[in-house]
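Below is a short note on how the chains of this assembly meet.

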Number of protein chains: 10
Amino acid sequence: MKKIDVTEAIILAKKERNLTWEGIAAELGMGTVWVTSACLGMNSMPEAVAEKLCAYLELPEGAKAALMEYPTKAWDKEVPQDPLIYRLYEVVGVYGDTLKEVIQEKFGDGIMSAIDFTMDVAKEENPKGDRVVLTLNGKFLPYKAW
Amino acid sequence: MKKIDVTEAIILAKKERNLTWEGIAAELGMGTVWVTSACLGMNSMPEAVAEKLCAYLELPEGAKAALMEYPTKAWDKEVPQDPLIYRLYEVVGVYGDTLKEVIQEKFGDGIMSAIDFTMDVAKEENPKGDRVVLTLNGKFLPYKAW
Amino acid sequence: MKKIDVTEAIILAKKERNLTWEGIAAELGMGTVWVTSACLGMNSMPEAVAEKLCAYLELPEGAKAALMEYPTKAWDKEVPQDPLIYRLYEVVGVYGDTLKEVIQEKFGDGIMSAIDFTMDVAKEENPKGDRVVLTLNGKFLPYKAW
Amino acid sequence: MKKIDVTEAIILAKKERNLTWEGIAAELGMGTVWVTSACLGMNSMPEAVAEKLCAYLELPEGAKAALMEYPTKAWDKEVPQDPLIYRLYEVVGVYGDTLKEVIQEKFGDGIMSAIDFTMDVAKEENPKGDRVVLTLNGKFLPYKAW
Amino acid sequence: MKKIDVTEAIILAKKERNLTWEGIAAELGMGTVWVTSACLGMNSMPEAVAEKLCAYLELPEGAKAALMEYPTKAWDKEVPQDPLIYRLYEVVGVYGDTLKEVIQEKFGDGIMSAIDFTMDVAKEENPKGDRVVLTLNGKFLPYKAW
Amino acid sequence: MKKIDVTEAIILAKKERNLTWEGIAAELGMGTVWVTSACLGMNSMPEAVAEKLCAYLELPEGAKAALMEYPTKAWDKEVPQDPLIYRLYEVVGVYGDTLKEVIQEKFGDGIMSAIDFTMDVAKEENPKGDRVVLTLNGKFLPYKAW
Amino acid sequence: MKKIDVTEAIILAKKERNLTWEGIAAELGMGTVWVTSACLGMNSMPEAVAEKLCAYLELPEGAKAALMEYPTKAWDKEVPQDPLIYRLYEVVGVYGDTLKEVIQEKFGDGIMSAIDFTMDVAKEENPKGDRVVLTLNGKFLPYKAW
Amino acid sequence: MKKIDVTEAIILAKKERNLTWEGIAAELGMGTVWVTSACLGMNSMPEAVAEKLCAYLELPEGAKAALMEYPTKAWDKEVPQDPLIYRLYEVVGVYGDTLKEVIQEKFGDGIMSAIDFTMDVAKEENPKGDRVVLTLNGKFLPYKAW
Amino acid sequence: MKKIDVTEAIILAKKERNLTWEGIAAELGMGTVWVTSACLGMNSMPEAVAEKLCAYLELPEGAKAALMEYPTKAWDKEVPQDPLIYRLYEVVGVYGDTLKEVIQEKFGDGIMSAIDFTMDVAKEENPKGDRVVLTLNGKFLPYKAW
Amino acid sequence: MKKIDVTEAIILAKKERNLTWEGIAAELGMGTVWVTSACLGMNSMPEAVAEKLCAYLELPEGAKAALMEYPTKAWDKEVPQDPLIYRLYEVVGVYGDTLKEVIQEKFGDGIMSAIDFTMDVAKEENPKGDRVVLTLNGKFLPYKAW
């Protein structure tokens with residue numbers, strides 16, 4: 001069983017049981033963004049979590065092993081086209097140099113890790129229109145001199 | 001005077017007076033990310049803010065008008081190469097589909113605006129290594145049916 | 001059932017019953033451009049509209065759910081090749097900077113939304129050759145300072 | 001004198017006299033979009049219009065000839081990055097196939113000319129936020145069989 | 001039946017009956033280049049011509065409708081690789097600016113239409129090696145000022 | 001003196017004396033397209049022609065040698081953007097496979113040379129709008145088996 | 001039968017009979033490079049050669065016609081990745097301008113034909129390591145002035 | 001002094017003294033292709049050769065050191081456009097897989113070195129048109145198993 | 001049997017027997033990196049090694065021949081996206097010019113071979129986090145002057 | 001003073017004093033690769049090291065500050081062309097998937113850091129030709145589940 005097949009099985013089970021990513025994540029006691037990304041095949045699950053998910057959604061045999069596999073991360077286009085995703089890319093383009101200035105002013109020469117990293121999505125209610133709040137949290141890694 | 005010239009003048013004044021972006025932003029009573037981006041030429045400043053900045057840094061004549069101009073936003077490479085910026089692009093690549101799932105589950109069919117949008121950088125102290133916390137806050141825009 | 005399968009089913013039904021996009025749209029009480037784009041899988045349909053369409057064209061079970069799904073918008077080539085579509089791209093290329101000047105002169109710093117957006121196609125009869133009239137109507141979104 | 005030099009001279013004169021593109025166009029008795037595009041070097045001006053503009057803005061000698069020259073139209077990036085312009089490109093991407101369906105249903109096999117073509121920008125006031133209205137008007141050109 | 005299936009059916013019939021494109025075109029009373037392009041799916045056929053072709057080659061049912069459909073024109077690579085086709089692209093590259101100079105000197109500011117357009121291939125016999133003669137004939141379209 | 005400098009000198013002289021490419025070519029007894037391309041730096045001139053041109057336009061010393069140099073042919077973009085030139089590229093895209101079929105049916109396996117090649121532009125008057133007629137004439141080169 | 005099927009059939013027969021390209025070419029009385037390229041589908045075979053090959057390898061019916069067809073030459077990547085092939089591309093990159101200088105110094109303004117062209121591979125034994133010797137032989141084609 | 005300046009100085013001296021690359025190479029006792037490439041800055045010269053060249057052409061001080069520097073090899077476009085150079089690229093495209101088959105059949109798994117490599121250009125006189133003969137000679141490098 | 005099929009068979013056998021690449025390599029008496037690359041189809045195996053592997057993993061008939069075949073090396077994207085692989089590409093980008101300086105200072109003008117080449121991965125234990133140690137070992141190849 | 005100006009000053013001083021990167025690094029008590037990369041502007045120097053270097057090479061005022069600045073890392077081409085650097089890119093292409101397999105087998109799901117990273121170049125003498133030995137040493141970073 002390949003990661004892509006588990007993803008399809010999960011999406012099917014989710015539809016049939018009328019679940020949400022948020023609900024599944026709560027069931028597993030993990031964050032919604034991480035759980036969704038692991039279900040979509042972009043992160044590997046630790047054994048205990050994979051086991052819980054397989055039991056909860058009654059996934060077929062082989063699903064646990066596939067969820068635990070280390071994925072080869074890849075995405076289709078260098079510049080994403082779907083408007084929701086493109087706007088994130090636009091933010092990186094418009095604010096990239098700004099973030100470099102501000103982060104390195106605060107932390108020194110180095111980067112925010114995308115590996116030792118977590119992310120969260122929240123909804124901020126607002127009478128003029130609700131707002132999406134994304135929080136990215138990554139370890140600062142200083143460059144090494146040797 | 002062009003935006004790029006104002007940017008150079010600001011960076012020079014900032015170095016000579018040993019200021020930080022955070023300090024300049026506090027002086028103006030605005031957010032650090034927004035002030036930095038406007039100083040780098042990626043956002044236009046309202047007149048009152050531009051005036052305050054020109055007075056504070058004693059910028060040359062013409063600076064105020066240039067800071068108020070509406071920029072043509074552009075960035076150099078489709079895939080950014082500087083490691084700090086690339087990691088942000090990588091996050092968009094790895095988590096793009098996940099964010100689409102999670103945001104649209106919470107809000108319906110639509111996008112997070114990159115225009116009616118704010119961003120903040122914070123430092124989370126941590127004995128295992130401090131962490132960078134980015135917060136993106138954008139209005140949700142539902143697609144229109146007509 | 002996937003969006004692409006519904007699209008095929010709709011096109012088949014449309015051919016067999018000798019319908020037009022304009023006729024289908026009138027039946028649904030919605031705009032022709034929007035209805036066509038939703039039928040081609042580029043917009044999601046509200047439940048009531050999807051239901052009406054399924055009944056009108058006697059689409060198979062599962063079609064309603066697929067029409068209501070939020071699409072991942074994507075298109076094939078960065079520079080479109082079909083002459084009808086390329087000419088639109090050429091208009092964006094030739095008049096892009098002009099539109100930025102004229103729109104921002106009228107509205108301030110910001111953009112025309114492509115999300116809170118409608119579009120219409122009309123025919124203008126003309127003895128020297130009929131003319132195509134496209135009307136794009138998008139909410140103006142001002143940039144935020146924070 | 002090259003087109004780019006005339007553009008700079010026009011922009012300078014416009015700033016100094018505090019004019020708008022709309023005002024200049026009204027003075028010349030032509031449309032705002034066309035006048036702006038010709039001033040930015042993307043269209044050639046008929047002699048009478050060029051003469052009027054030179055007189056009105058007191059442009060230097062050589063400006064008239066440069067305004068009348070036939071431009072080589074070119075634009076910088078295949079996928080534009082400035083958000084205002086990118087949204088137009090996104091509209092072409094999302095609605096390209098739809099427009100092909102709807103236009104050819106109304107007119108037959110052919111295209112909307114981008115040469116025998118006019119465009120207009122209007123402001124639609126709206127309590128929920130003003131709206132940008134773009135109108136594109138191009139002659140329909142049927143493909144020839146021979 | 002799709003255009004690509006008709007193309008295959010035509011090529012098969014052409015081989016079996018040992019026909020040439022020139023012969024088929026003569027039978028239909030149309031130009032060889034146009035007939036070939038329509039058979040390859042790059043142009044739509046008027047009903048009368050499609051009917052004649054179907055009868056002549058005894059094409060299967062559904063072929064007529066497919067031949068009459070308006071094609072979405074697309075080609076594989078931005079820079080074609082087959083040497084015969086690449087040489088044409090090379091001609092556009094080497095002589096593009098020259099043709100712009102010469103055509104606009106003769107006709108004014110505008111373009112040669114690729115829609116209201118015909119093309120012909122002839123053989124010029126020559127003792128030093130026969131020569132290919134391509135004739136392109138397109139309506140001149142002047143740019144519009146408005 | 002480089003080819004690009006000669007080109008500028010020629011264009012200046014042409015403007016000052018109010019000449020046309022057609023007139024210059026007639027003076028030299030050569031074709032308009034070839035003369036224009038050589039003046040734009042895309043072909044080398046035989047000594048006698050270069051001499052005649054230098055005398056006719058009173059070009060500066062060094063012009064003759066530069067006109068005779070073998071150019072390195074290059075053009076800016078893989079997909080040309082100026083509408084007049086793009087339409088030629090579109091013709092290659094739409095009709096490339098057709099031309100391969102028709103030429104190779106007439107001549108066998110091989111290509112039309114772009115080196116042993118001439119081209120001509122003519123005006124065909126027409127009450128519905130004048131037409132541009134391009135004639136390309138290239139030696140057929142058969143592939144070699146060895 | 002398509003060219004690609006013949007290629008597979010030839011490779012299978014070659015393996016089963018333990019033949020080499022060199023041996024097959026000797027059998028046909030043609031050059032190894034040309035025979036290999038025709039078997040891989042990149043050149044068309046004259047009827048007599050195709051017949052001989054079909055008999056020698058007992059290829060299925062339809063193979064002869066497919067071998068005689070004029071191929072549409074295409075290759076996968078603009079910059080080849082396999083190290084053996086990339087090195088050839090690197091040679092073109094490093095020595096391209098040099099070859100232009102040296103060939104045009106010897107022959108005048110023109111090119112080496114890739115159509116009226118032959119190529120050969122030989123092995124030069126050498127105690128420090130054998131050497132590959134490629135010989136390219138193409139007709140010089142002078143540019144035409146007209 | 002940079003390599004590019006030496007190249008210009010050499011080309012100037014070569015023109016003034018009416019020399020050829022072949023003549024210069026003979027003077028230095030080295031191959032024409034190698035000498036030309038080193039003069040164009042694509043190879044470094046051993047000290048003795050550089051000295052000889054500087055003396056022969058009376059190059060300015062600093063030329064010797066620049067000729068001896070190790071170049072960073074780079075070329076402008078992935079797909080070269082000048083017809084003479086493009087034809088070489090086309091040969092790599094059309095015959096790349098063929099050369100892989102033939103070379104590896106003769107030598108085993110490995111490549112032809114582009115570093116331990118020489119190249120030569122010769123003229124083959126021929127009544128039907130002279131022919132260019134390129135000889136590439138590179139050490140075969142077998143892949144290592146470890 | 002093709003290389004890709006052998007790769008799948010090896011991965012299956014490896015999972016079922018719970019083996020590691022390191023264990024398989026030890027069994028064959030070869031390096032882990034080389035064995036893995038050959039199993040993934042990126043290197044050809046000498047007959048003795050292929051035989052041993054087939055016996056050890058009980059691979060199906062045809063596997064030995066496929067393992068011995070000379071691969072056409074290719075990889076998917078010019079800029080790899082998986083973070084583990086991208087970091088290697090980033091190292092080449094950031095340190096490429098540095099390595100050129102340092103290697104050529106130590107060895108003269110030439111390159112490190114990627115053909116006569118070995119590579120090794122080791123684990124360096126470290127209380128602050130274990131470290132990956134990659135060792136690349138390639139023959140230095142001096143450029144040839146001729 | 002900008003980083004690029006310091007780089008030029010360093011290279012000049014290095015030439016005039018006939019130094020090597022290795023010698024400069026020894027003087028500073030740091031690794032050769034790191035020192036070279038910092039001198040080329042691809043890493044920032046800690047104050048003490050920058051001070052030492054400025055004193056040693058007698059660099060102009062402003063050099064210390066520029067050496068300490070945090071660089072924006074960028075490199076010219078996605079696929080490097082210089083053969084020495086390209087071979088490294090080729091290694092990443094050919095062995096990328098292999099390294100992923102081997103590293104993750106040894107360490108779990110994660111990556112080798114390119115930030116907490118050191119590199120070394122050594123020469124291995126060998127009678128068949130000396131060998132370049134590159135050692136890359138990066139901290140293993142495990143992916144985080146949250």
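1. Between chain B and chain A, 6 salt bridges cross the interface; the model is a predicted one. In general terms, side chains of opposite charge can pair when their charged atoms come close. Polar contacts across the interface of chain B and chain A come to 30 residue pairs, both residues being at pLDDT 80 or more.

2. Which elements of chain B supply at least two residues each of the side that touches chain A? They are helix 2 (21-28), helix 3 (32-39), helix 6 (83-107), strand 1 (110-124) and strand 2 (131-142). Helix 6 of chain B gives the largest share of that side, 25 residues. By class, the residues of chain B on the side touching chain A are 34 nonpolar, 15 polar and 20 charged.

3. Chain B contributes 69 residues and chain A contributes 69 residues. About 6,800 Å² is buried between chain B and chain A, and carbon and sulfur atoms give 67% of that area.

4. The same surface serves both copies, since 100% of the contact residues of chain B recur in chain A.

5. Strand pairing also links these two chains. Strand 2 (residues 131-142) of chain A and strand 2 of chain B run antiparallel and are joined by 9 bridges. The bridge partner of A:Thr135 in strand 2 of chain B is B:Thr135.

6. The pair formed by chain I and chain J can be described in the same order. A rotation of 180 degrees, with 0.0 Å of shift along its axis, superposes chain I on chain J at an RMSD of 0.0 Å. In chain I, the C-alpha nearest the axis belongs to I:Thr135 and is 2.3 Å from it. The copies meet through the same surface, because 100% of the interface residues of chain I are also interface residues in chain J.

7. In this second pair, 69 residues of chain I are in contact with 69 residues of chain J. The area buried between chain I and chain J is about 6,800 Å², with 67% of it on carbon and sulfur atoms. The interface of chain I and chain J has 6 salt bridges. J:Lys106 and I:Glu22 form a salt bridge, their closest N and O atoms being 2.9 Å apart. Strand 2 of chain I is joined by 9 bridges to strand 2 (residues 131-142) of chain J, and these strands run antiparallel. I:Asn137 has J:Val133 as its bridge partner in strand 2 of chain J.

8. Over all chains, the whole structure holds 90 salt bridges. Among them is that of A:Arg87 with D:Glu90, at 2.6 Å from N to O. This pair joins two chains, because A:Arg87 lies in helix 6 (residues 83-107) of chain A and D:Glu90 in helix 6 (residues 83-107) of chain D.

9. Some chains do not meet. Chain D and chain H do not touch, and their nearest C-alpha atoms are 17 Å apart. Chain C and chain I are likewise not joined by any contact, with their closest C-alpha atoms 17 Å apart.

Definitions and conventions: Residues are numbered from 1 along each chain as its sequence is written. Chains are lettered from A and ligands numbered from 1 in the order in which they are written. This is a predicted model: local features need pLDDT of at least 70, side-chain atom pairs count only at pLDDT 80 or more; totals for chains, interfaces and linings use all residues. Side-chain values use heavy atoms; hydrogens and water are left out. Contact means heavy atoms within 4.5 Å. Buried area is the accessible area (1.4 Å probe) that two parts lose on being put together, summed over both. A salt bridge is a side-chain nitrogen of Lys or Arg within 4 Å of a carboxyl oxygen of Asp or Glu. A polar contact is a pair of N or O atoms within 3.5 Å; within protein, one must be able to donate a hydrogen and the other to accept it, and residues adjacent in sequence count only if both atoms are side-chain atoms. Helices (H or I, at least four residues) and strands (E, at least two) are DSSP runs, numbered from the N terminus. Ala, Val, Leu, Ile, Met, Phe, Trp, Tyr, Cys and Pro count as nonpolar, Asp, Glu, Lys and Arg as charged, and the others, Gly among them, as polar. Two strands pair if DSSP finds at least two bridges between them. Copies are superposed by least squares on the C-alpha atoms of residues with pLDDT of at least 70 in both.
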